[in-house]
Amino acid sequence: MTILVTGATGHVGRHVIQQLVQRGARVRALARTPATAALPDGVEVVQGDQLDVDALRQAFQGVSTLFLLNAVVADEFTQALITLNVAREAGVKRVVYLSVIHSDRYVNVPHFAGKFGVERMLEQMGFEATILRPAYFMDNDLTIKDVVLGYGVYPMPIGSQGLAMIDARDIGEIAAIELLARDGAPEGSALTRINLVGPDTLTGVQVAGIWSDALGRPIAYGGDDTAGFEQNLRQFMPAWMAYDMRQMAGRFLSDGMVPEAGDVDRLTQLLGRPLRAYRDFAADVAARA
């Protein structure tokens, strides 16, 4: 049977597809512009998006399992619900959904609350689902590497509670493993949730220290100014999104993104290797600087 991947041309989606292809899976991708999707050979591409009901109906023909990934956009929740409704209409019950850690706790953060709403739909409408809840993507820090390298400051206001940052490549590999497991699971298998975390739970000061070691010079932590963070983000993203990110940063400061007991061991066993560490991520960025 066929696994349908949404969000296929994004950073995580590409890793998921690559891992599925390496494992011999039959993969179909939903993409707005197939001509520029640049996906691996053998991947079938259907043109459309998650608001295009006709394209979704076509994409779900012959599909056994769905990987549902939604970008942080103003209509993210609507996109997800439409996609799941069309999946259910097509008889597709098996889903792996990329949510976010603490989606049930960060209730004032729009895109977290939306993802928790999708989780509730999966539960209440009888999908046989695996819900993946990743913590902060360490790859997000590629967007601020020039500030670190050029100004000697780590500017993300992540606070002192700690974030269990995870590499997007690990997310992609875990998602592929879970998709194949869900695809081959007996009918009626129970819904499960898995926290996706990195091996270390790091504070802002600790992350700055890692950059100091990687670059061989002092890097300071920029502090916990979420208002300034919002204003900086508004230079290159819509105001509503910058505000959403500010609300998220506020919960970093108050709650952090802390794994539950056994999360790291579970993921290490699933992958058959250690999780990638932020220190390795920083060292790689420094080596290419």
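The views below are taken from a predicted model.

**View 1. Ala 38 in the loop between β2 and β3.** The loop that holds Ala 38 runs between strand β2 (26-31) and strand β3 (44-47). Ala 38 is not a glycine, yet its phi is positive, at about 55°. Most residues other than glycine have a negative phi.

**View 2. His 102 in the loop between β5 and α4.** This loop lies between strand β5 (94-98) and helix α4 (110-124). His 102 is another non-glycine residue with a positive phi, of about 60°.

View 3. Arg 133 has a relative accessible area of 9% and is buried. Its side chain makes a polar contact of 2.8 Å with the side chain of Glu 119. Leaving aside residues up to four places away in sequence, Arg 133 touches Ser 99, Val 100, Ile 101, Ser 103, Asp 104, Phe 116, Glu 119, Arg 193, Ile 194, Asn 195 and Leu 196.

**View 4. Gly 117 in helix α4.** Gly 117 is part of helix α4 and counts as buried, with a relative accessibility of 14%. A separation of 30 Å lies between the C-alpha atom of Gly 117 and that of Gly 204. Along the chain, these two glycines are 87 residues apart.

**View 5. The buried face and N-terminal cap of helix α8.** Helix α8 covers residues 226-233, and its buried residues are Thr 226, Phe 229, Glu 230 and Leu 233. Viewed down the helix axis, these residues fall within an arc of 100°, so they line one face of α8. In an α-helix there are 3.6 residues a turn, so residues three or four places apart point the same way. The buried residues of α8 pack against α9 (239-254).

**View 6. Packing of helices α8 and α9.** The axes of α8 and α9 come within 9 Å and cross at roughly 150°. The two helices are therefore roughly antiparallel. Their crossing is right-handed. On the α8 side, the contact is made by Thr 226, Ala 227, Phe 229, Glu 230 and Leu 233. On the α9 side, it is made by Ala 242, Tyr 243, Met 245, Arg 246, Ala 249, Gly 250 and Leu 253.

**View 7. Packing of helices α6 and α10.** Helix α6 comprises residues 168-183 and helix α10 residues 263-271. Their axes are 10 Å apart, and the helices pack at an angle of about 70°. The helices α6 and α10 are therefore roughly perpendicular to each other. Helix α6 contributes Asp 170, Glu 173, Ile 174, Ile 177 and Glu 178 to the contact. Helix α10 contributes Leu 267, Leu 270 and Leu 271.

Note on methods: Residues are numbered from 1 along each chain as its sequence is written. This is a predicted model: local features need pLDDT of at least 70, side-chain atom pairs count only at pLDDT 80 or more; totals for chains, interfaces and linings use all residues. Side-chain values use heavy atoms; hydrogens and water are left out. Buried means under 20% relative accessible area, exposed over 50%, partly exposed in between (1.4 Å probe, protein chains only). Helices (H or I, at least four residues) and strands (E, at least two) are DSSP runs, numbered from the N terminus. The arc is that of the directions from the helix axis to the C-beta atoms. Contact means heavy atoms within 4.5 Å. A polar contact is a pair of N or O atoms within 3.5 Å; within protein, one must be able to donate a hydrogen and the other to accept it, and residues adjacent in sequence count only if both atoms are side-chain atoms. Axes are lines fitted to C-alpha atoms, for helices over the stretch in contact, and angles run from 0 to 180 degrees between N-to-C directions. Angles under 35 degrees count as roughly parallel, over 145 as roughly antiparallel, 65 to 115 as roughly perpendicular and the rest as oblique. A crossing is left-handed if the near helix is turned anticlockwise from the far one by less than a right angle, and right-handed if clockwise.
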